[in-house]
Amino acid sequence: MFKKLSEKIEMRRVAKGKQPKEQFKRSINRSAGGDFGVLFFLVVCALAMSLPVIYAIGQSFKPLDELWLFPPHFFPNRWVIDNFVDLFRLMGDSWVPFSRYIFNTVLISISGTFGNVILSSFAAYAIAKIPFPGRNMLFQTIVYSLMFNSTVTGITNFLLMSYLKMIDTYWAVIVPACCTTFGLYLMKQFMESSVTDAVLESARIDGAGEFRIFWKIAMPMVKPAWITLIIFAFKDLWNSGASTYIYSEELKTFNYAISQLVTSGVARTGVSAASTVVMMIVPCAVFYITQSNVIQTMSTSGMKD
Amino acid sequence: MAKKEQAVVRKDISRFRWTLSEIKKHKVAYLMVAPFFILFIMFYVVPVVLSVVLSFTVFNMLEFPEFVFFDNYIRLLFDDEVFITAIKNTLIFAVITGPASYLLSLFFAWFINELRPKLRAFLTLIFYAPSISGAVYLIWAVFFSSDQYGFVNAYLIEFGIINEPILWFQDTDTIFPLIIVVALWTSLGTSFLTFIAGFQVVNKDLYEAGAIDGIKNRWQELWYITLPSMRPQMMLSAILSITGAFGFGGVITALVGFPSPDYCVHTIMHHLDDYGGARYEMGYASAIATILFFMMIGCNLLITRILRKVGS
């Protein structure tokens, strides 16, 4: 009976001039039980993964009296936005005007991200597409640099920056952000597989210079890669407290100001949960929108030996 | 790529002359890589070299460094019990969270790949969110808060399992497992995305060919077809997971505080911050950084060598 109904619906859809729906076919090597098991496992794990985040969201909408209920409720009985209002009021009361923190974050994020994408694309294009001597060595160095992180270089970076008088300026955050080896790595791998040599060759025969080819031909072809680089760079800069190299209050970032509100105990539990929610919305939304580009870029990122 | 270059090697001039002429021909390429690699040398190469050099000195940032041979290393290894604890903790962390986060990334990505696109995109976000949203892990401190209003304590008391609230992030017995859970929670990052992408580019024809050759279920398919054709992604993921596992320390400071009770979750990173950031013993801190550097590189090279052997 169900079958007949679904067939009828399908016929009506086709009669209206729509594409016939693809028949759902079980893929090879898949059993119904297995499919169900996988879905069940994923749903359980996804719930477990998102439990703390959901709790934070619930916490941020609770009115004051419900924060100290025993036992605590997972979700508020009465949803209020008091905590968010308080958060922004506290921000307004801070010593340095809050717009300044936002300005700092925006300035640092935009200039750092811009520099990062431009510098890595230039270098990646040359390494991937111009057969100059030494390029394999350069790329190998980049791969080795993926094997350690900033913990190792932190101390000496600090010494170097204080020698260059960059400490306590915007430069201390922006300049290092322009050079992320993972960005170059991703860009190079993507260029290698998605910019075809034939197109570049014909442009070279037409007499176009390398810079021109880079801007007019290569860059438009690697749009997913630079979107990905923008997201990775932006995410790092957005989350950066920028407090290691910056002491002046008026140069610090939004993230720093918010975490300061929370950890210094100025704010209540509800307000700190609200700030967590505010801080995570932006990177999550950006990632969700651009996800297909990121996945496309990552698919070329494998390390060939 | 290397093969292609070999093809144009000319016989009539020496290799050196040929290289020179190639350099001249591709001048513009050097111009393109220059800005990036100048910064790369400044922020990666020089710091590593400098920390190796400084590790043989006593340096307090005021006076000129004084050369002391291996004194820093001798002091670290034989006279600094906290450092031995830090090494032990770092290794335990790396050995547990590195492989665990690698396997979690692999299996979650594999399962997610079976779903339809809309659901896939949504679940990817759910699993990836903790690692991109900055300080969201602080919510664990509220979740496992040590008073009776903490969510976990409240329900354990409510159901009569415990009588007194547990001091989750102060009790040396509970800190370690909790930190590992939080570490795994935030570790589904770039390596997870690499796997998600890797599963999508496996040649679909291989699956049909495999089915004809007698592959019966999804596990065999994973082992005999998918994993061998994803080796490049597996290599990159391994490197990212290992590096991540060794560099995990900021979360501990944020949740437990510094120093941790009885140094029970003191890692090399904390030791480094202590001597470099608080005591300004830059020579000693550089020795710590140098040891960490070689541990990371060594571990990565070992694992990539092993992975290269898999299936070949």
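**Figure 1. Lys25(B) and Glu22(B) in helix 2 of chain B.** In this predicted model, both residues belong to helix 2 (residues 15–25), where they stand three residues apart, about one turn of the helix; helices (H or I, at least four residues) are DSSP runs numbered from the N terminus. Their side chains form a salt bridge, with the closest N and O atoms 3.5 Å apart. A salt bridge is a side-chain nitrogen of Lys or Arg within 4 Å of a carboxyl oxygen of Asp or Glu. Lys25(B) is exposed at 59% relative accessibility, whereas Glu22(B) is buried at 11% (buried, under 20% relative accessible area; exposed, over 50%; partly exposed, in between; 1.4 Å probe, protein chains only).

**Figure 2. Salt bridges of Arg204(A) with Glu201(A) and Glu210(A).** The N to O distance is 3.5 Å between Arg204(A) and Glu201(A), and 2.8 Å between Arg204(A) and Glu210(A). Glu201(A) and Arg204(A) lie three residues apart in helix 10 (residues 197–205) of chain A, so about one helical turn separates them. Arg204(A) is partly exposed at 23% relative accessibility, as Glu201(A) is at 40%; Glu210(A), at 15%, is buried.

**Figure 3. A salt-bridge network of Asp35(A), Glu114(B) and Arg218(B).** Salt bridges link these residues of chains A and B in a network. Over all chains, the count comes to eleven salt bridges.

**Notes.** Residues are numbered from 1 along each chain as its sequence is written, and chains are lettered from A and ligands numbered from 1 in the order in which they are written. Local features need pLDDT of at least 70, side-chain atom pairs count only at pLDDT 80 or more, and totals for chains, interfaces and linings use all residues, while side-chain values use heavy atoms, leaving out hydrogens and water.

How values were computed: Helices (H or I, at least four residues) and strands (E, at least two) are DSSP runs, numbered from the N terminus.
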